[in-house]
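Here are some exercises to work through with the viewer open. Try each one yourself, then check the solution.

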Amino acid sequence: MDYIQDKEEIMKNKDYLDELEAEAIYILREVAGQFDRPALLFSGGKDSICLVHLALKAFRPGKFPFPLVHVDTGHNFEEAITYRDNLAKQLDEKLIVRYVTDTIKAKKLQDGKGKFPSRNGLQTYTLLDVIEEFEFDACIGGARRDEEKARAKERIFSVRDEFGQWDPKMQRPELWNIYNGKVNKGENVRVFPISNWTELDVWNYIKREKIELPSIYFTHERECILTENGQLMNTNEFVTIEEKDVVVKKKVRYRTVGDMTCTAAVESEAYTVDDIIKELKEAKISERGATRMDDRVSEAAMEDRKKGGYF
Amino acid sequence: MDLLRFFTAGNVDDGKSTLIGRLLYDSNSISTDIIETLTRQSKTTGTNTEIDLALLTDGLRAEREQGITIDVAYKYFSTDKRKFIIADTPGHIQYTRNMFTGASNANLAIILVDARNGITDQTKRHSIISAILGMPHVLVCINKMDLVDYSEEKYKQIESDYLTFAKQLNLKDISFIPASALAGDNVVTKSDKMSWYKGKPLLEFLETIEIVEAKQTDVSRFQVQYVIRPQTDDLHDYRGFAGRVVSGSYQKGQKVTVLPSGIETTIDKIEVNQQEVELAETNTPVVLHLKDDVDISRGNSIVPTEHLPKTEKEVTATICWMDNAAYIPGQKILLQQNSFRTKAVVKEVISKIDIHSFTQLESDGAMKLNDICKVLIKTAEPISFDSYADNRNSGSFILINENTNNTIAAGTID
């Protein structure tokens with residue numbers, strides 16, 4: 001009887017973040033146990049930073065059983081790159097960086113054009129190349145199902161064929177906590193340990209675990225172009241500023257850390273993690289909708305990119 | 001704040017996606033840009049409402065074109081009381097495997113019934129699958145009450161029909177709610193058109209139901225996922241067994257047995273995030289250290305010596321065949337139970353379960369997509385297990401085709 005009462009007490013104090021964390025650590029350890037050459041795709045964004053934090057909990061005092069891999073588009077925010085390099089050094093973990101700029105040269109690809117030249121499609125080439133170069137059989141990513149409709153249907157262990165393609169109609173059923181990561185040579189599995197987390201969960205976790213983030217997540221003053229549909233695009237060397245452009249100085253922050261050319265800033269007064277959580281609870285615009293120009297192209301934009309080998 | 005995982009099942013036209021859309025929409029879980037997109041889409045493909053709420057969950061292009069749900073979609077929302085994870089599973093017959101998938105992690109099933117049609121074959125199938133997977137709570141949502149003039153009589157009839165049918169299933173906790181997802185009756189707010197219904201609206205029901213973790217005995221179970229061996233100068237002898245406390249709890253000094261080897265030893269140290277703890281509860285990711293230097297690898301179980309699971313090379317189980325290719329007698333397969341994997345073979349298809357009556361039919365030895373059969377499986381390595389009825393984790397497994405690598409079946413051990 002005493003035991004059951006204790007248990008009730010425990011259930012009462014149970015935090016759903018513990019459950020999400022336990023699930024993610026379990027998945028990371030499954031990757032370590034099932035694959036010969038896994039990798040953790042690290043972007044310097046908050047989701048992959050959480051993955052690294054979870055990996056520490058899963059594997060320390062041992063080393064990570066995988067390197068951190070970053071596909072650098074050349075359009076990244078400096079703050080994210082600095083953060084990435086410092087983190088790898090501080091943790092003494094292996095970091096592999098491959099550059100989209102190199103892929104463009106080597107494969108004679110057409111670089112992104114237009115006012116806000118995107119390398120979003122191009123980074124798929126670099127990603128597939130780095131997977132081939134190191135023969136990675138599993139790539140851990142920070143994608144979440146709440147981000148986008150196609151992701152809502154993707155498995156936690158998502159099998160890609162040798163061309164990196166995702167076939168939504170041929171997904172393996174995924175039951176209980178049993179993950180089937182068996183693949184043939186040349187194929188790989190994309191693994192998403194924080195699939196079941198929402199943007200707010202990630203921030204609550206960052207708060208609870210006191211995880212440090214690149215400064216661009218917090219409000220700062222920045223020069224931006226105010227686009228016709230109301231988005232704030234950072235002015236930088238890759239963006240063509242025209243005379244008709246409305247250039248403004250605003251207090252902004254970034255909700256996602258993508259490329260400088262296709263990630264919009266949001267006006268904000270959030271200087272701390274607490275401010276951000278408060279802001280999110282009141283926010284009316286979803287994460288990708290607020291900040292991603294690339295998903296607005298068509299209803300099925302993400303689905304198409306994933307089928308083509310994208311994260 | 002805690003977490004409730006539930007899944008929804010219903011016929012193609014029972015309004016399942018609309019119900020989920022309504023839950024998300026009326027609980028303010030949908031952002032304005034998504035509503036804008038929906039309004040735009042509703043104009044081109046949508047049905048008769050202003051915003052077609054079903055479009056919220058129909059994520060892939062093929063689904064939008066055909067107006068059906070083809071795979072499990074996960075949706076998230078939270079209120080002040082709880083965080084919810086919804087697995088939205090398609091109802092039509094060819095996707096029973098997806099329902100199995102969505103249901104396997106859920107603690108509550110919402111089974112939708114069209115008030116005009118009452119209990120159908122699909123209702124029965126969804127309930128039987130819930131029974132096989134040991135669902136702790138079943139909620140029968142009688143939808144489209146607006147189309148039967150909110151008739152109490154109709155509702156009572158369906159309720160009584162369902163209870164009669166469900167008697168044989170041994171479902172534990174069955175509740176009923178009359179609703180109209182389209183009109184919003186009894187979804188988030190209580191309907192003023194059904195004053196005869198004294199219960200809670202759906203959202204309040206979900207917020208307040210006391211969650212019983214599915215089939216969890218207090219017997220302690222742990223499986224090794226990964227062995228941590230830093231092999232550095234200062235941690236030369238460190239050898240920790242990383243895994244999750246599957247059920248029960250583990251404590252320092254506890255007498256344990258390693259399976260399948262059967263070697264007895266004692267827990268020397270338990271670490272959680274590199275901190276030493278005395279006791280680790282269910283679901284905690286831990287690193288266990290043992291007193292003796294025992295040969296242990298991934299997939300081995302470390303269990304209390306006084307409560308051993310069965311360790312055998314043969315198991316009888318109920319499996320759902322999930323592969324497009326039918327079972328070939330004698331075909332070599334892999335069995336995976338959490339982190340344990342072994343070669344195996346289906347030795348006998350004992351019987352086939354009729355998914356509409358829950359009776360066991362004589363088997364002709366064949367198994368094809370969506371069949372649910374009782375089988376005898378022989379494994380190459382001994383498997384340590386509990387009955388699924390006692391433990392959802394140590395009593396479940398999947399079967400993998402060694403050639404295609406596909407997950408071809410999911411099973412619960414008798």
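**Exercise 1.** Is Phe358(B) buried, partly exposed or exposed?

*Solution.* First, some ground rules: this is a predicted model, where local features need pLDDT of at least 70, side-chain atom pairs count only at pLDDT 80 or more, and totals for chains, interfaces and linings use all residues. Residues are numbered from 1 along each chain as its sequence is written, chains are lettered from A and ligands numbered from 1 in the order in which they are written, and side-chain values use heavy atoms, leaving out hydrogens and water.

Step 1: get the cut-offs. Buried is under 20% relative accessible area, exposed is over 50%, and partly exposed is in between (1.4 Å probe, protein chains only).
Step 2: apply them. Phe358(B) has a relative accessible area of 26%, so it is partly exposed.
Step 3: check the backbone. Phe358(B) isn't a glycine, yet its phi is positive, about 65°. For context, most residues other than glycine have a negative phi.
Step 4: Phe358(B) sits in the loop between strand 18 (340-353) and strand 19 (360-362) of chain B. (Helices, H or I with at least four residues, and strands, E with at least two, are DSSP runs numbered from the N terminus.)

**Exercise 2.** Work out which side of helix 6 (residues 123-134) of chain A is buried, and what it packs against.

*Solution.* Step 1: check the length. The 12 residues reach 17 Å from first C-alpha to last, close to the expected 16 Å (1.5 Å times one less than the number of residues).
Step 1: list the buried residues of helix 6 of chain A: Gln123(A), Thr124(A), Thr126(A), Leu127(A), Val130(A) and Ile131(A). They share one side of the helix because they cover an arc of only 165° around the axis, taken from the directions from the helix axis to the C-beta atoms.
Step 2: find the neighbours. Those buried residues pack against several elements of chain A, including strand 1 (38-41), helix 5 (100-107) and strand 6 (188-191); contact means heavy atoms within 4.5 Å.
Step 3: look just past the end of helix 6 of chain A, where Glu135(A) takes a positive phi of about 50°.

**Exercise 3.** How are the rings of Phe134(A) and Phe136(A) arranged?

*Solution.* Step 1: rings of Phe, Tyr and Trp (its six-membered ring) pair if their centres lie within 6.5 Å; planes under 30 degrees apart are stacked, over 60 edge-to-face and the rest tilted. The structure holds 20 such pairs over all chains.
Step 1: Phe134(A) and Phe136(A) are 5.3 Å apart centre to centre with 20° between the planes, hence stacked.
Step 2: compare with Trp321(B) and Tyr327(B), whose centres are 5.7 Å apart and whose planes meet at 70°, so that pair is edge-to-face. Both Trp321(B) and Tyr327(B) are buried.

**Exercise 4.** Which peptide bond is cis at Pro61(A)?

*Solution.* Step 1: the cis bond joins Arg60(A) and Pro61(A), with omega about 10°.
Step 1: Pro61(A) is in the loop between helix 3 (46-59) and strand 2 of chain A.
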